[in-house]
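Notebook open, viewer open. I'm jotting down what I look up as I go.

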Amino acid sequence: MPQLTVWYNTRCPVCDAGIDWQRNKLLALVKSGRVAFKDINAEPEALSAYGAGVDDVRRRLHATDEEGQLTTGADVALLLWALTPGEGWLATLFGNRLVRPLTRFGYDRFADVLFAWNKRKGHW
């Protein structure tokens with residue numbers, strides 16, 4: 001079982017490109033099976049046990065860890081940065097207890113705009 005499974009939306013061109021870029025930076029962890037990236041559109045019921053549906057993942061990243069804990073939004077980005085060689089400083093900077101609320105707020109506002117843009121463009 002992967003240490004971290006990241007659920008994202010391939011129908012969003014921005015999300016798909018971002019995850020592709022991040023996956024390439026984490027290629028060693030992906031190849032070892034410690035990190036997995038999965039398209040929610042291919043498995044729409046995958047997170048239903050957590051009460052999360054396709055639109056939840058289309059709006060914000062979701063991830064599950066090896067204990068089955070769910071993480072969402074900016075906290076997923078922080079986890080990925082912490083795992084990515086050379087990007088740990090981003091996790092430290094944006095994930096410290098003083099800045100994390102601002103990180104979450106900024107991520108959520110960007111995610112709201114991106115979600116609305118994708119709907120207007122007919123990506124789903």
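Where is glutamate 87 found? I looked it up in the predicted model: glutamate 87 is in the loop between helix H4 (74–83) and helix H5 (88–95).

**Entry: glutamate 87.** I then listed its contacts, skipping neighbours within four places in sequence, and got Trp21, Gln22, Lys25 and Trp81. Lysine 25 is 62 residues away from glutamate 87 along the chain, yet their C-alpha atoms are separated by 9.8 Å.

**Entry: strand E1.** I moved on to E1, residues 4–8, and checked burial there. I find 5 of its 5 residues buried. Leu4, Val6 and Tyr8 sit on one side, Thr5 and Trp7 on the other, so I note both faces as covered because every one of these residues is buried.

Then I went through the pairing. With strand E2 (residues 35–39), E1 pairs in the parallel sense over 5 bridges; tyrosine 8 stands opposite aspartate 39 there. With strand E3 (residues 62–65), E1 pairs in the antiparallel sense, over 4 bridges. On that side I looked up tryptophan 7, and its bridge partner in E3 is histidine 62.

**Entry: cysteines.** How many disulfides does a search of the whole structure find? I get 0. I looked up two cysteines anyway: cysteine 12 is buried at a relative accessible area of 1%, whereas cysteine 15 is partly exposed at 21%.

**Entry: helix H6.** H6 covers residues 100–121, 22 residues in total. I get 31 Å from its first C-alpha to its last, close to the 32 Å expected at 1.5 Å a residue.

Which residues of H6 are buried? My list reads Thr103, Ala111, Leu114, Phe115 and Asn118. They cover an arc of only 105° around the axis, so they lie on the same side of H6. As a reminder to myself: an α-helix has 3.6 residues a turn, so residues three or four places apart point the same way. Leu102, Phe105, Val113 and Arg120 are on the other side of H6, and these are exposed.

I also checked what covers the buried residues of H6, and found that the cover includes helix H1 (13–25), helix H3 (54–59), H4 and H5. Last item: glycine 122 follows H6, and I read its phi as positive, near 75°.

Technical notes
Residues numbered from 1 in each chain as written. Predicted model: local features only at pLDDT ≥ 70, side-chain atom pairs only at ≥ 80, totals over all residues. Heavy atoms only, no water. Buried < 20%, exposed > 50% of the residue type's maximum accessible area, 1.4 Å probe, protein only. Helix = DSSP H or I, 4+ residues; strand = E, 2+ residues; numbered from the N terminus. Pairing = 2+ DSSP bridges. Contact = heavy atoms within 4.5 Å. Disulfide = S-S within 2.5 Å. Expected span 1.5 Å × (residues − 1). Arc of directions from axis to C-beta.
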